[in-house]
Amino acid sequence: MLVLITYDVNTQTAAGRKRLRQVAKQCVNYGQRVQNSVFECVLDAAKFREVQHKLEKIIDVEKDSLRFYLLGNNYKNKVEHIGAKASFDVEDTLII
């Protein structure tokens, strides 16, 4: 299923900036950054719970926020891109 992960981390302190880097680093492990604080991730239920748990352990719930949008398996008809960055297929082969 496609999961859109978004976050807003308070960066007014050094600890906040560290949390921001940690959240971004975890999200990169599970998906593709599509905007500064937005990641598209194709995950099964177990991987979703795993990343959700890891991110919840990083953030400060009093200062930061996480949002998970579960777009499901038929997401291709639910995502429309307009603008500068080219759209891509998150399930396509990755060439390194």
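At 10% relative accessibility, Arg-19 counts as buried, where buried means under 20% relative accessible area, exposed over 50% and partly exposed in between (1.4 Å probe, protein chains only). The model is a predicted one, in which local features need pLDDT of at least 70 and side-chain atom pairs count only at pLDDT 80 or more, whereas totals for chains, interfaces and linings use all residues. Residues are numbered from 1 along each chain as its sequence is written, and side-chain values use heavy atoms, with hydrogens and water left out.

The chain contains 2 helices and 4 strands, taken as DSSP runs numbered from the N terminus (helices, H or I, at least four residues; strands, E, at least two), and these follow the pattern β-α-β-β-α-β along the sequence. Of the 96 residues, 27% count as buried.

The side chain of Arg-19 meets that of Asp-64 in a salt bridge with an N to O distance of 2.6 Å, a salt bridge being a side-chain nitrogen of Lys or Arg within 4 Å of a carboxyl oxygen of Asp or Glu. This pair links distant parts of the chain, since Arg-19 lies in helix H1 and Asp-64 in the loop between H2 and strand S4 (65–72), 45 residues apart. Asp-64 is likewise buried, with a relative accessible area of 7%. Beyond its neighbours within four places in sequence, Asp-8 is in contact (heavy atoms within 4.5 Å) with Asp-64 and Ser-65. Asp-8 lies in strand S1, and an unreviewed UniProt entry places the feature "binding site" at this residue; such annotations may be inferred rather than shown by experiment.

By the same rule the count comes to 3 salt bridges, and Lys-47, Glu-50 and Lys-54 are linked in a network of them. Glu-50 pairs with Lys-47 at 3.6 Å between the closest N and O atoms, and with Lys-54 at 3.8 Å. Lys-54 and Glu-50 both lie in helix H2, 4 residues apart, about one turn of the helix. Glu-50 is partly exposed at 30% relative accessibility, as are Lys-47 at 37% and Lys-54 at 34%.
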